[in-house]
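Here is a friendly walk through some helix packing. Please keep the structure open beside the text as you read.

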Amino acid sequence: MELTALGLLLLGVVLAEPASRALARAHWPARDPVGALLVWQAVGLAGGLSLLGAGVVYGLAPLGPTLPSALRAIDASAPERLGVTHVVALVLALLLALRLVGVLVAITVRTQRARRRHRDLLDVLGTPWPAAPGARVLDHPVPVAYCLPGLRSRLVLSVGVLDRLDPAGVRAVLAHERAHLRERHDLVVLPFVAWGATAPFVQGMVCAQVAVAALIEMRADDVAASGSRSAELVGALRTMGGAAPAAALSSFTTALDRRLARITEPPAPLPLALWALVRLSALALVAVPTALLFLS
């Protein structure tokens, strides 16, 4: 059990720091944003399982040779069989779990409240647009488009967008924002925001948040470009360079020029073997700490 706990701890530290940094610097995710998002989610889940599991496994080691047997051995006398270091490990694991869950819940509640307030304002100030069900048009000359995700999602366009873009450009922008809504990119990003807020001093966690935000924009760009000419999407994004509300998912990032270059000259997709390897690697990342926890 002690060796298992050490292995889980090392795996968690590697995933949270050097592995996350390396993945954030890699070039292949731009060729397969969906696969890269799967790997990032696996890194986050496996890292959390490993760090929490290391404390639990080491803490319960005196109760049995494996975690399942140790859990079955818990009874009224269990605390007397645990040493000081084992109790400390369990307490640290509990504190980390509470921190992760607490930050995630706090960020989720804060984000939902901001979106609800913003949605209420949109319903008052925005004009429904029959050409795009669920869309609201704001009477503002600056060209801005974004979406508010959720059960009552909204697509938002300003009058500036309709004035400055031709119909093909508007369709490209709407396709981009609908991709965010349809694939629930807000839920993809949220755990990484919480992950970065939990330990902002760990650079790998911050890199993960930034990388995932960039990947969801690449994915939405790919969806929009597949249904229209890439030149139309590029022109629309250039015209609309601006900021959206914090509660929204926006089409704009600080790396807009890199996104535009990628749309104009799309990178070659990964070979089929590498495409499959990426997805198998994501599955393996989750399977390894799970197996260490319950099968060792």
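## Helices and their contacts

H10 and H11 are roughly antiparallel to each other, because the angle between them is over 145 degrees. This comes from a predicted model, so please read each value below as belonging to that prediction. Helix H10 covers residues 230-239 and helix H11 covers residues 256-264; they pack at an angle of about 165°, and their axes lie 9 Å apart. Their crossing is left-handed.

On the H10 side, the residues in this contact are Ser230, Leu233, Val234, Leu237 and Arg238, and they meet Leu256, Arg259, Leu260, Ile263 and Thr264 of H11. By type, the residues of the contact of H10 with H11 are six nonpolar, two polar and two charged.

Now for helix H5, which runs over residues 84-125. With 42 residues at 1.5 Å a residue, H5 should span 62 Å, and its end C-alpha atoms are 61 Å apart, so the two values agree. Which residues of H5 are buried? They are His86, Ala89, Ala93, Leu100, Val103, Ile107, Thr111, Arg115, His118, Arg119 and Leu122. The cover over these buried residues includes helices H1 (2-25), H2 (33-60) and H8 (185-198), along with strands S2 (135-138), S3 (145-148) and S4 (154-158).

The axes of H5 and H8 cross at roughly 130° and come within 9 Å. H5 and H8 are therefore oblique to each other, and H5 passes H8 in a right-handed crossing. From H5, the contact takes in Arg99, Leu100, Val103, Leu104, Ile107, Thr108 and Arg115; these meet Asp186, Leu190, Pro191, Val193, Ala194, Trp195, Ala197 and Thr198 in H8. This contact of H5 with H8 divides into ten nonpolar, two polar and three charged residues.

| Helix pair | Angle | Axes |
|---|---|---|
| H10 and H11 | about 165° | 9 Å apart |
| H5 and H8 | roughly 130° | within 9 Å |

Finally, a stop at the loop between helix H7 (167-182) and H8, where Arginine 184 is found. Arginine 184 has a positive phi of about 50°, although it is not a glycine. Is Arginine 184 buried or partly exposed? Its relative accessible area is 27%, so Arginine 184 is partly exposed.

Technical notes: Residues are numbered from 1 along each chain as its sequence is written. This is a predicted model: local features need pLDDT of at least 70, side-chain atom pairs count only at pLDDT 80 or more; totals for chains, interfaces and linings use all residues. Side-chain values use heavy atoms; hydrogens and water are left out. Helices (H or I, at least four residues) and strands (E, at least two) are DSSP runs, numbered from the N terminus. The expected span of a helix is 1.5 Å times one less than its number of residues. Buried means under 20% relative accessible area, exposed over 50%, partly exposed in between (1.4 Å probe, protein chains only). Contact means heavy atoms within 4.5 Å. Axes are lines fitted to C-alpha atoms, for helices over the stretch in contact, and angles run from 0 to 180 degrees between N-to-C directions. Angles under 35 degrees count as roughly parallel, over 145 as roughly antiparallel, 65 to 115 as roughly perpendicular and the rest as oblique. A crossing is left-handed if the near helix is turned anticlockwise from the far one by less than a right angle, and right-handed if clockwise. Ala, Val, Leu, Ile, Met, Phe, Trp, Tyr, Cys and Pro count as nonpolar, Asp, Glu, Lys and Arg as charged, and the others, Gly among them, as polar.
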